[in-house]
Amino acid sequence: MLDNLGDLERSHSCGALRAEDVGESVTLMGWVAVRRDFGPLTFFDLRDRDGVTQIVFDAEDAPEAHARAKEVRGEYVIAVRGEVVLRAEGQRNPKLSTGEVEVQAREIWILNEARTPPFQLEVSSPEKLASEDVRLKFRYLDLRRPQLQANLRLRARVVGEIHRYMDEQDFTEIETPILIKSTPEGARDYVVPSRLHAGRFYALPQSPQIFKQICMIAGLDKYYQIARCFRDEDLRADRQPEFSQLDVEFSFATPEQVYKLVEGLLARVFRLAGAELPVPFPRMTYVEALSRYGSDKPDLRFGMELQDLSHALEGTTFAPFASALEAGGEVKGLTVKGGAVLSRKVLDELQEHAKRYGAGALGWIKLGDELSSSLLKVLGEETISRVAATAGAARGDAVLIVAGKSKTVAASLGALRNEVARREKLIPGNVYAPLWVTEFPMFEYHEDDGRFYAMHHPFTSPLDDDLPLFERAVEGGETELLAGLRAKAYDTVVNGIEVAGGSIRIHRRDVQRLVFKALGVTEEKARARFGFFLDALEYGTPPHGGIASGIERLMMALTGTENIRDVMAFPKTASAADLMIDAPGELDPQQLEELRIKIVED
């Protein structure tokens with residue numbers, strides 16, 4: 001029989017009691033995490049969001065409560081009242097904040113029963129967790145795990161600190177619309193049919209980009225919000241179809257002002273996790289980041305910079321290297337300190353990893369007791385030794401080599417760098433390495449459809465020095481010049497995670513027209529998609545810029561998790577499904593009829 005809560009109140013949380021509370025009468029409430037039955041003694045680990053307290057039921061001391069405790073099973077919801085006592089010497093638990101004490105229970109209330117959970121909540125290591133799909137289906141149980149609760153509570157503190165900081169900087173919180181117009185330029189929109197306007201659709205915002213720029217045109221000067229955003233795109237470990245971001249925009253902004261604002265904010269936020277970020281952050285151009293680390297979001301907690309081996313291979317007749325160099329590509333290497341012990345199996349696995357990023361093959365050199373290399377027969381010992389020396393390798397090291405187009409070499413070696421660091425445990429814990437990556441390209445060329453796309457978004461301003469070149473490229477028909485144009489764009493990277501990205505925006509109508517023309521957007525299409533915004537640009541738009549920081553990615557950097565779902569309460573799977581509520585779901589025929597929608601079966 002279950003008990004009623006009545007007017008019973010908690011005196012403490014399950015994580016609050018300490019040695020100084022010994023002798024006090026307390027009332028605790030929570031879930032039974034672990035139950036241990038030793039006949040006349042029964043022990044519970046009672047859990048709530050703040051921690052765990054051990055409860056002891058003694059048949060001799062409190063026979064009625066002890067008898068009732070025998071009815072309790074795991075995950076039952078109970079309340080207990082008793083006295084705080086010190087645990088006996090040798091029985092204290094240093095892993096628990098409450099580990100010096102326990103509660104000698106005098107009374108117990110069984111507030112609710114629980115079925116046996118479909119998976120074990122209390123596990124000794126992450127490897128023993130149930131599959132993620134099972135845990136997402138029963139997310140309300142998975143969220144009882146202390147680590148997830150700690151992540152969500154830290155997230156709430158982070159968001160609160162953001163609000164305080166932005167208020168101190170005199171920014172105004174402004175909410176922008178959720179139901180907007182589809183402007184397909186980038187990721188796919190989630191679309192929402194309108195019942196009142198048959199055959200017409202809203203879109204969910206991928207970001208508040210245009211609205212925050214309109215706030216600047218409106219003279220609001222300093223805007224921010226924690227915005228909910230939606231993107232219908234293929235997912236990765238660090239992406240979700242819906243997410244939150246800190247969105248910031250202000251008038252008369254320079255990149256330096258943005259850097260100072262963000263550095264101050266992140267320094268405050270990371271202190272919540274006990275970390276001090278080095279301010280100001282180091283800076284690196286996009287070109288330098290790709291050249292040195294093979295990534296525009298390099299993890300600076302460890303070394304292993306990419307080494308250009310092209311000069312050491314001049315005149316080579318080895319076809320893969322020779323053809324790459326003749327075509328204007330590169331041959332680069334990655335030196336792994338102590339890597340001479342890498343087995344052939346590991347090297348084969350690393351080659352497969354590199355191939356996922358476009359590499360044709362992975363060459364290797366090992367400087368062990370004897371020189372060995374996958375390239376020894378085709379290059380010879382003298383060239384191999386010269387390449388190893390150029391790569392900065394010493395006895396006991398290994399060199400991993402990739403040849404091809406510059407973009408492919410960077411992507412594959414950049415991915416290998418991270419993979420080797422993970423495998424060889426080269427990444428120090430509790431270290432945060434921030435970085436500004438600057439001067440991104442304005443455009444990137446896609447060979448599959450033979451056109452340029454905006455690398456960030458089509459409202460990003462080019463560098464002032466590149467503006468004459470931009471006009472030549474578009475108006476003079478020298479489209480090849482587009483590949484070399486630089487943008488006033490910048491990303492904030494922490495530990496290899498892009499935690500924020502932004503730019504100085506275009507505030508001139510003539511420059512915005514050039515961007516649309518470069519992207520192949522006709523004036524008719526531009527007017528149809530962005531007419532209201534183009535009109536607004538003609539009414540005295542101030543220079544302005546800003547940045548957006550994904551809350552989930554920021555939390556990934558703060559907590560050290562590699563899975564974005566660990567810092568969200570109710571995430572989707574990699575296929576954008578919600579297994580708990582079984583979404584997306586079907587609409588009934590009446591709803592479809594009201595929306596003038598017909599489902600066409602494949």
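Reader: Which loop holds Pro 584, and what is omega for the peptide bond from Ala 583 to Pro 584?
Author: This is a predicted model, so take the angles as computed from it. Pro 584 sits in the loop between α16 and α17 (589-594). The bond from Ala 583 into Pro 584 is cis, and its omega is near 5 degrees.

Reader: Which residue does a cis peptide bond join to Val 279?
Author: Look in the loop between α6 and β11, where you'll find a proline, Pro 280. Omega there is about 0 degrees, and the partner of Val 279 in that cis bond is Pro 280.

Reader: Is Arg 596 buried or exposed?
Author: You'll find Arg 596 in the segment after α17. Its phi is positive, about 60 degrees, although Arg 596 is not a glycine. Most residues other than glycine have a negative phi. The cut-off for exposed is over 50%, and Arg 596 has a relative accessible area of 59%, so it is exposed.

Reader: And Lys 425, what is its relative accessibility?
Author: Lys 425 belongs to the loop between α12 (406-423) and β17 (434-438). Phi of Lys 425 is near 55 degrees, again a positive value in a residue other than glycine. Lys 425 counts as exposed because its relative accessibility is 73%.

Reader: On to helices: are α4 and α6 parallel, perpendicular or oblique to each other?
Author: Helix α4 (residues 146-168) packs on helix α6 (residues 255-271) with the axes 10 Å apart and an angle of about 140 degrees. Over 145 would count as roughly antiparallel, and 65 to 115 as roughly perpendicular. The pair is therefore oblique.

Reader: How many charged residues are in the contact of α4 with α6?
Author: From α4 come Val 158, Glu 161, Ile 162, Arg 164, Tyr 165 and Glu 168, and they meet residues of α6 including Lys 260, Leu 261 and Arg 268. The contact has six nonpolar residues and one polar, and the charged ones number five.

Reader: Which are the edge strands of the open sheet?
Author: Eight strands make up the sheet, with mixed pairing, in the order β6-β9-β10-β22-β21-β20-β17-β11. An edge strand pairs on one side only, which here picks out β6 (172-173) and β11 (283-285).

How values were computed: Residues are numbered from 1 along each chain as its sequence is written. This is a predicted model: local features need pLDDT of at least 70, side-chain atom pairs count only at pLDDT 80 or more; totals for chains, interfaces and linings use all residues. Side-chain values use heavy atoms; hydrogens and water are left out. Axes are lines fitted to C-alpha atoms, for helices over the stretch in contact, and angles run from 0 to 180 degrees between N-to-C directions. Helices (H or I, at least four residues) and strands (E, at least two) are DSSP runs, numbered from the N terminus. Angles under 35 degrees count as roughly parallel, over 145 as roughly antiparallel, 65 to 115 as roughly perpendicular and the rest as oblique. Contact means heavy atoms within 4.5 Å. Ala, Val, Leu, Ile, Met, Phe, Trp, Tyr, Cys and Pro count as nonpolar, Asp, Glu, Lys and Arg as charged, and the others, Gly among them, as polar. Two strands pair if DSSP finds at least two bridges between them. Buried means under 20% relative accessible area, exposed over 50%, partly exposed in between (1.4 Å probe, protein chains only).
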